[in-house]
Amino acid sequence: MIKSVIFDFDGTLADSRLVFLSVFNQLAAKHGFRKVDVEEMEFLRKLSMMERIKHLNFPMHKIPASSAEFYELYNQALGDVTMVPGMAELLSEVNSRGYRSAIISSNSKKNVEAFLSRNRLHHMEEIICSNRLFGKDRHIKSYLKKNGMAKEEVIYVGDEARDIAACRKCGIKIIWVGWGYDAREAAEKEKPDFMVFHPKDILTVLN
C-alpha cells in the first residue's frame with residue numbers, strides 16, 4: 001500500500017525548460033560551452049543525460065562548480081518558471097487522500113521553496129535537494145530510512161531516465177510523466193513501472 005509520493009521538481013512539477021535554456025546559454029557564453037537553440041530542445045529530449053553532456057561539450061568535472069552559479073541565475077529568473085498545468089490540483093488531491101508527499105530534486109532548496117511559496121503550495125512534508133546530477137538513489141534510501149517506510153510504501157514521480165534508474169537501484173516503483181525533460185523514447189529504455197501523460201493519470205496509478 002502506497003503511503004508516500006515523492007516528486008521530482010523540474011520538468012515534473014515545474015515547467016522550467018525555457019529558464020534552463022536561458023541560464024545554460026548564459027553559462028555557455030561565459031565558460032565556452034556549446035549553446036543550445038530552442039529548436040534543438042526536442043532532439044536533446046531523446047538523448048540520455050550523458051549523451052547530452054557530450055553533445056554540448058560540457059565537461060563532467062565542471063558540473064559541481066557550475067551548479068551553484070547555474071541555480072543562482074535560475075533563482076533570478078524564477079518568476080518565469082510556471083507550474084505544470086494540472087499539477088497544483090493533483091498535489092491538493094494527493095494531500096486530501098492522506099498521502100505523505102515530498103520532493104527530491106537536483107535544484108537548490110532555496111529555488112524549490114521559493115517556487116512552492118509563490119504558488120501557495122504547502123503540501124510538501126519534506127524537500128531534499130542535491131547539486132549532483134546523479135545519485136538520487138541515495139536520497140531516496142535516506143528518505144525511506146528516516147521515515148521508517150518500506151520500499152513498497154513509496155512511489156516516485158519523475159520525468160527523466162535518470163529518475164527511473166535511481167528508483168531501480170532503490171527497488172521502488174516510479175511513475176514517469178510525459179511532459180518533462182526526457183522524451184518517451186529515452187524513458188522507455190529504462191522501463192518505468194508506469195507512464196502517464198496528464199497529471200490526473202497519476203491518481204489512476206495511485207488508485
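Is Arg120 buried or exposed?

Analyst: Happy to. Please keep in mind that this is a predicted model. Arg120 counts as exposed, because its relative accessibility is 70% and the cut-off for exposed is over 50%. Arg120 sits in the loop that runs between helix H6 and strand E5 (126-129).

The backbone here deserves a look too. Arg120 is not a glycine, yet its phi is positive, at about 55°. For background, most residues other than glycine have a negative phi. Arg120 comes after H6, and that helix spans residues 109-118.

Now step back into H6 itself. Its buried residues are Asn111, Val112, Phe115 and Leu116. Looking down the axis of H6, you would find these buried residues within an arc of 125°, so they line one face of the helix.

Lys191 is another residue other than glycine with a positive phi, near 55°. Lys191 belongs to the loop between H9 and strand E8 (194-196), and with 60% relative accessibility it counts as exposed.

After H8 comes Gly171, with a positive phi near 80°.

Ala183 counts as buried, with a relative accessibility of 2%. Setting aside residues up to four places away in sequence, Ala183 touches Arg45, Lys46 and Trp176. Lys46 is 137 residues away along the chain, but the C-alpha atoms of Ala183 and Lys46 are separated by 5.1 Å.

Phe24 is buried, with a relative accessible area of 13%. Beyond its neighbours within four places in sequence, Phe24 is in contact with Phe33, Arg34, Val36, Leu56, Phe58 and Phe70. As for Ser66, which is 42 residues from Phe24 along the chain, the two C-alpha atoms are 9.9 Å apart.

Finally, the whole protein. It has 10 helices and eight strands. Its radius of gyration is 16 Å, close to the 17 Å that the globule rule gives for 207 residues, so the protein is as compact as a globular protein of that length. Along the principal axes, the C-alpha atoms fill a box of roughly 50 × 35 × 30 Å. Of the 207 residues, 51% count as buried. Among contacts between residues at least 6 apart in sequence, 65% join residues at least 24 apart. The accessible surface comes to about 10,300 Å², and 52% of it belongs to carbon and sulfur atoms. As for charge, the protein has 31 positive and 28 negative charges, whose mean positions are 4 Å apart.

Notes:
Residues are numbered from 1 along each chain as its sequence is written. This is a predicted model: local features need pLDDT of at least 70, side-chain atom pairs count only at pLDDT 80 or more; totals for chains, interfaces and linings use all residues. Side-chain values use heavy atoms; hydrogens and water are left out. Buried means under 20% relative accessible area, exposed over 50%, partly exposed in between (1.4 Å probe, protein chains only). Helices (H or I, at least four residues) and strands (E, at least two) are DSSP runs, numbered from the N terminus. The arc is that of the directions from the helix axis to the C-beta atoms. The radius of gyration is taken over C-alpha atoms; the globule rule is 2.2 Å times the number of residues to the power 0.38. Contact means heavy atoms within 4.5 Å. Accessible areas come from the Shrake-Rupley method with a 1.4 Å probe; for residues, only the protein chains shown count as cover. Lys and Arg count as positive and Asp and Glu as negative; His and the chain ends are not counted. The place of a charge is taken as NZ of Lys, CZ of Arg, CG of Asp or CD of Glu.
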